[in-house]
Amino acid sequence: VQLQASGGGLVQAGGSLRLSCAASSPIFSTYSMAWFRQAPGKEREFVGSISWTGGSTSYIDTVKGRFTISRDTAKSTVYLQMNSLKPEDTAVYYCARHQTSRNYDYRTRVAGRYRDWGQGTLVTVSS
């Protein structure tokens with residue numbers, strides 16, 4: 001499955017962006033999906049994930065209440081709605097699919113359990 005992330009850009013602190021991650025195959029609907037981010041000079045960090053059914057999500061504490069992940073099976077796309085953005089949210093954002101289909105381990109934050117990383121989309125939040 002190929003994943004194409006888009007929607008990044010420059011936004012002022014307090015603003016919003018919605019990232020999209022389009023999958024090349026409808027088989028994407030059987031995988032839980034995750035968003036990660038990597039800030040300059042830092043390691044890649046788990047942001048949040050959504051179960052393959054779309055019924056459950058998980059987030060790191062620093063984005064909880066501000067970010068929302070959703071998926072549209074018909075469009076083979078997962079979204080990351082980011083509100084109340086902060087300068088520390090500045091990073092390249094990546095989407096990825098869990099390595100195992102129909103797996104309920106959607107909360108895992110281990111990057112090694114995800115595959116098909118997209119090229120990433122840059123989000124820059126100015127203060």
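A charge sits over a ring if NZ of Lys or CZ of Arg is within 6 Å of the ring centre and within 35 degrees of the ring normal. In this structure R44 lies over the face of W117, at 4.6 Å from the ring centre, and R102 lies over the face of W52, at 5.6 Å from the ring centre. The structure is a predicted model, in which local features need pLDDT of at least 70 and side-chain atom pairs count only at pLDDT 80 or more, while totals for chains, interfaces and linings use all residues. Residues are numbered from 1 along each chain as its sequence is written, and side-chain values use heavy atoms, with hydrogens and water left out.

**Aromatic pairs**

- Rings of Phe, Tyr and Trp (for Trp, the six-membered ring) pair if their centres lie within 6.5 Å, and planes under 30 degrees apart count as stacked, over 60 as edge-to-face and the rest as tilted; a search of the whole structure finds 4 such aromatic pairs.
- One of them is the edge-to-face pair of F36 and W117, with 4.8 Å centre to centre and 65 degrees between the planes.
- F36 lies in strand β4 and W117 in the loop between β10 (114-115) and β11, so this pair ties together parts that are 81 residues apart in sequence; strands here are DSSP runs (E, at least two residues), numbered from the N terminus.
- F36 counts as buried at 1% relative accessibility, whereas W117 counts as partly exposed at 27%, where buried means under 20% relative accessible area, exposed over 50% and partly exposed in between (1.4 Å probe, protein chains only).
- W52 and Y104 also form an edge-to-face pair, at 6.1 Å centre to centre and 65 degrees between the planes.
- Because W52 lies in the loop between β5 and β6 (57-59) and Y104 in the loop between β9 and β10, the pair ties together parts that are 52 residues apart in sequence, and Y104 counts as exposed at 57% relative accessibility.
- Ring pairs link F36, F46, Y114 and W117 into a cluster.

**Salt bridges**

- A salt bridge is a side-chain nitrogen of Lys or Arg within 4 Å of a carboxyl oxygen of Asp or Glu, and by this rule the count comes to 6.
- The side chains of D89 and R37 meet in one of these, at 2.9 Å from N to O.
- D89 lies in the loop between β8 and β9 and R37 in strand β4, so the pair ties together parts that are 52 residues apart in sequence, and both D89 and R37 are buried.
- D61 and K64 form another salt bridge at 3.1 Å, N to O, and D61 is exposed, with a relative accessible area of 62%.
- R113 and D105 form a salt bridge with their closest N and O atoms 3.2 Å apart; R113 is partly exposed at 36% relative accessibility, and D105 is partly exposed at 28%.
- Salt bridges that share partners join R37, E45, R66 and D89 into one network.

- A nonpolar core is a set of buried Ala, Val, Leu, Ile, Met, Phe, Trp, Tyr and Cys residues joined through side-chain atoms within 4.5 Å, and of the 32 residues in the largest one, W35, F67, V78, L80, M82 and Y93 touch the most other members.
- Several strands each supply at least two residues of this core, among them β1 (3-6), β3 (17-23) and β4 (33-38).
- Strand β1 has a covered face, L3 and A5, and an uncovered one, Q4 and S6.
- β1 and β3 pair in the antiparallel sense over 4 bridges, where two strands pair if DSSP finds at least two bridges between them, and the bridge partner of L3 in β3 is A23.
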